[in-house]
Amino acid sequence: MRAKPRGSRSARRGWFGFAALAVTLATTLIPSGMAAGTVDVPVSARLVSQFKVDSPEKRFGKLQFVGGLVMRSPEPLFGAISSIRFMPDGRSFLAVLDTGHFLSGTVERHASGDLSGLSQVRIAPMLDKAGHEAKRKREMDSEGLALRGNRAFVSYEQRPRIMIYSTETLDAAKPIGQLPHLIPDDEFRRNAGMETIAVSPADGPLRGSMVVVAEASFDGDGNLFAAILEGPRKGLFSVAHDHSYSVTDGAFLPDGDLLLLERRFELSVGVGMRIRRIKADTIRPGAVVDGEVLIEADLSDQIDNMEGMDVIKAADGSTHLILVSDDNHSFLQRNMMLEFKLLN
């Protein structure tokens, strides 16, 4: 669906439909017609050259828009991207779909460096300990992804847990272990659990520790539950919560600061997104952290249901952010990939 300026009647009607459908999909069976096993996926892409609708503006807050894609595929598995992580080459990626699948592929670029499409795209099912595929979404509602060496750590929402997979055997991805998540299970709200899991830089204040942040599960003070899962600062902390937004992903910058991607949906204004920067030194047990908003966008911008984000190093050495959307396998929404440069 083409984004329209905030406040337009047609935009509100479309996003009301999106909200109702998304709520329904969150508890349904995995969509029918999906192939079992690993599949190769053809993906076509339409370029997004402007972030703000009908405007050539490039700077938005502390970010500069580089380019984007609207992606489509005839494969019914494609879509519902919840989190994305890039390999050190900045091109190859692994993502999780909230239907319990891994998505892998390579980002292609024009000679100018702008995004041009995806290649070598494959989708593989996540299996349970018995080697079975999920029949219902709530069994494998994968939302967060972290990579460390040849291990993939996947956080699940409706049945809260963090499972460990080998990236060398994703075609038959039975878990090889489980990582304790520290946050008590009874504190997670339904469909609002561990949306973010990220690995901090090894040379940063958190010494390579993993961090999890809940989407919309609150402590007694109304802040989001979060945890440092290992290392010298292991323990629970909280993230200051704006009632308009829910955390959908996070990624660390090279200096150790944590970026949080957040989504908004309100009936009066529709869908929005923002990115907050949490200073590394503030992330410690018992703390309530908050940070600067780097960008805030709404339906006057080219966004959708933005759910995934990672940080990569560009060819010129600058720091770039890659964002992806979750289309909920709905014709009302788009599979988008957006790229921004972090400005000083």
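**Salt bridges and what they join**

Guide: Gladly. Let us begin with Asp257 and Lys279, whose side chains meet in a salt bridge at 3.4 Å, N to O. Please keep in mind that this is a predicted model.

Visitor: Why is the contact of Asp257 and Lys279 called a salt bridge?

Guide: The cut-off is 4 Å between a side-chain nitrogen of Lys or Arg and a carboxyl oxygen of Asp or Glu. The N to O distance here is 3.4 Å, so the pair meets the rule.

Visitor: What makes the pair Asp257 and Lys279 a tie between parts of the chain?

Guide: Asp257 sits in the loop between β17 (245–252) and β18 (258–266), while Lys279 sits in the loop between β19 (270–278) and β20 (288–289), so the pair ties together parts that are 22 residues apart in sequence.

Visitor: Which residue does the side chain of Arg274 meet in a salt bridge?

Guide: Its partner is Glu262, at 2.7 Å, N to O. Because Arg274 belongs to strand β19 and Glu262 to strand β18, this pair ties together parts 12 residues apart in sequence.

Visitor: Why are Arg274 and Glu262 called buried?

Guide: The threshold is again under 20%. Arg274 has a relative accessible area of 8%, so it is buried. Glu262 has 0% relative accessibility, so it is buried as well.

Visitor: Which other arginine, Arg276, meets what residue in a salt bridge?

Guide: The side chain of Arg276 also meets Glu262, at 2.8 Å, N to O. That pair links distant parts of the chain, with Arg276 in strand β19 and Glu262 in strand β18, 14 residues apart. Both Arg276 and Glu262 are buried.

Visitor: Which residues are linked in a network of salt bridges?

Guide: The network links Asp242, Glu262, Arg274, Arg276 and Asp290. For the model as a whole, the count comes to 19 salt bridges.

**A buried aspartate without a salt bridge**

Visitor: How do you know that Asp219 has no salt bridge?

Guide: The nearest side chain of opposite charge, Arg189, is 7.8 Å away.

Visitor: What makes the meeting of Asp219 and Ser238 a polar contact?

Guide: The two side chains come to 2.8 Å. Leaving aside residues up to four places away in sequence, Asp219 touches Phe225 and Ser238.

**An enclosed strand**

Visitor: Why is strand β6 called largely enclosed?

Guide: Of the 6 residues of β6 (residues 92–97), 5 are buried, so the strand is largely enclosed by the rest of the structure.

Visitor: How do you know that β6 pairs with strand β5 and with strand β7?

Guide: Pairing asks for at least two bridges. Strand β5 (residues 81–86) is joined to β6 by 5 bridges, and β6 is joined to strand β7 (residues 101–109) by 6 bridges, so both pairs pass. Each pair runs antiparallel. Phe86 has Phe93 in β6 as its bridge partner, and Leu94 has Ser104 in β7.

Visitor: Which residues take a positive phi in the hairpins of β5 and β6 and of β6 and β7?

Guide: In the hairpin of β5 and β6, with 5 residues between the strands, Gly90 has a positive phi near 75°. In the hairpin of β6 and β7, with 3 residues between them, Gly100 has a positive phi of about 85°.

**One last residue**

Visitor: Why is Phe60 called buried?

Guide: Its relative accessible area is 8%, against a limit of 20%, so Phe60 is buried. Phe60 lies in strand β3 (residues 59–60), and its contacts include Phe51, Leu294 and Asp301.

Terms used:
Residues are numbered from 1 along each chain as its sequence is written. This is a predicted model: local features need pLDDT of at least 70, side-chain atom pairs count only at pLDDT 80 or more; totals for chains, interfaces and linings use all residues. Side-chain values use heavy atoms; hydrogens and water are left out. Buried means under 20% relative accessible area, exposed over 50%, partly exposed in between (1.4 Å probe, protein chains only). Lys and Arg count as positive and Asp and Glu as negative; His and the chain ends are not counted. A polar contact is a pair of N or O atoms within 3.5 Å; within protein, one must be able to donate a hydrogen and the other to accept it, and residues adjacent in sequence count only if both atoms are side-chain atoms. Contact means heavy atoms within 4.5 Å. Helices (H or I, at least four residues) and strands (E, at least two) are DSSP runs, numbered from the N terminus.
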